[in-house]
Amino acid sequence: MGNRVMIVAEISANHGHDIELVKRSILKAKEIGCDAAKIQSYTPDTITLDCDNEYFQINTGTIWDGTTLYKLYSEAYMPWEWHEELFDYAKSIDFTLFSTPFDKTAVDLLEKCGNPIYKIASFEITDIPLIKYAASFGKPMIISTGIATEEEIQDAVHACHQIGNYDVYLLKCTSEYPASIEDANLETMQDMAERFGCKTGLSDHTTGDEVAVVAASMDAAVVEKHFILDKAIGGPDASFSMTPDEFETMVRKIRMVEKIRGEVTYELTEKKINSRKYARSLFVAKDVKAGDVITEENVKSVRPSNGLAPKYLEYVLGRTFRDDAKKGTPLTFDAIK
């Protein structure tokens, strides 16, 4: 991506149990200017247990309270038999699709599909064996840090490095659904880049685009947001997902931020060179005769820029004029004795 932010449309559970809807989502993500779309690869049995005791009940103040993990993931998961078709479709439209695996069997599935990037979800950042296995294929690793301690983030990065994979991106993430902007703490994103020696970005669960746009202005290499074709589709992630119009607006703002940030350069553009015509320089400020002493009365720093640079004023003061000169004549070295 170079200096461009990689903008990722997270389809996740927004599939409506319809593979054609997922294809339309992938196509729409491309059309509105995203760089990639992402799905998740798990089944209820690879991510949790079919159990409804107290440990598997969701009751922590989320939008999914009142159900079990198994029931939630049974609704949200994307069938594995769709994967190859979806990856083939993305390739056919020349668009990047990648996925989040939740166990080693998902990594194996994704390898068969030609998955180009591995994303590790916040809640899997402590699964070092999974991270090592995914990293072992030598592809970029994007790791969300939402629920992780500093030590756990370091462990995840180290796990990739142990395998010889240094292409690691850490995403600042607030694991709330939806998240509030007060909890964004984007300064942490920049600190992670320095602390862990990785490129960083944002996995954003707020409902607007403000946090994502600010992240783009703060060196985010990746911005990921949940994407849904129509909130009427419903589903576990619908309430904090962005519609195509909202997402397109965000993409446009991020690209504008990139233009504003530009690059480090001290070269003068043609426009700047033209504007320099009106920079200050030294001019004869009143009619003078040959032999007259140069003073601050007869030579002044004024606009435009045809004379000597003002930094030479101290050098020329006290010297004399070689020839007669009219008021408004640019001062040159040739005019000075």
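## Helix pair α7 and α8

Helix α7 crosses helix α8 in a right-handed sense (right-handed if the near helix is turned clockwise from the far one by less than a right angle, left-handed if anticlockwise). This is a predicted model: local features need pLDDT of at least 70, side-chain atom pairs count only at pLDDT 80 or more, and totals for chains, interfaces and linings use all residues. Residues are numbered from 1 along each chain as its sequence is written, and side-chain values use heavy atoms, without hydrogens or water.

α7 spans residues 150–162 and α8 residues 187–196. They pack at about 55°, with axes 11 Å apart.

From α7, Glu150, Ile153, Gln154 and Val157 meet Met192, Arg195 and Phe196 of α8; contact means heavy atoms within 4.5 Å. Four of the residues in this contact are nonpolar, one is polar and two are charged.

## Nonpolar cores

The largest nonpolar core holds 64 residues. Such a core joins buried Ala, Val, Leu, Ile, Met, Phe, Trp, Tyr and Cys residues through side-chain atoms within 4.5 Å. Ile26, Cys34, Leu170 and Phe247 touch the most other members. Beyond its neighbours within four places in sequence, Phe247 contacts residues including Ile7, Val8, Cys34, Phe227 and Met242.

A separate core has 12 residues, among them Leu282, Val284, Val299 and Ile336.

## Glu258

Glu258 sits in helix α10, residues 244–261. Its relative accessibility is 15%, so Glu258 counts as buried (under 20% relative accessible area, 1.4 Å probe, protein chains only). Leaving aside neighbours within four places in sequence, Glu258 contacts Asn3, Arg4 and Val5.

Definitions and conventions. Axes fitted to C-alpha atoms, helices over the stretch in contact; angles between N-to-C directions. Helix = DSSP H or I, 4+ residues; strand = E, 2+ residues; numbered from the N terminus. Nonpolar A, V, L, I, M, F, W, Y, C, P; charged D, E, K, R; others polar. Buried < 20%, exposed > 50% of the residue type's maximum accessible area, 1.4 Å probe, protein only.
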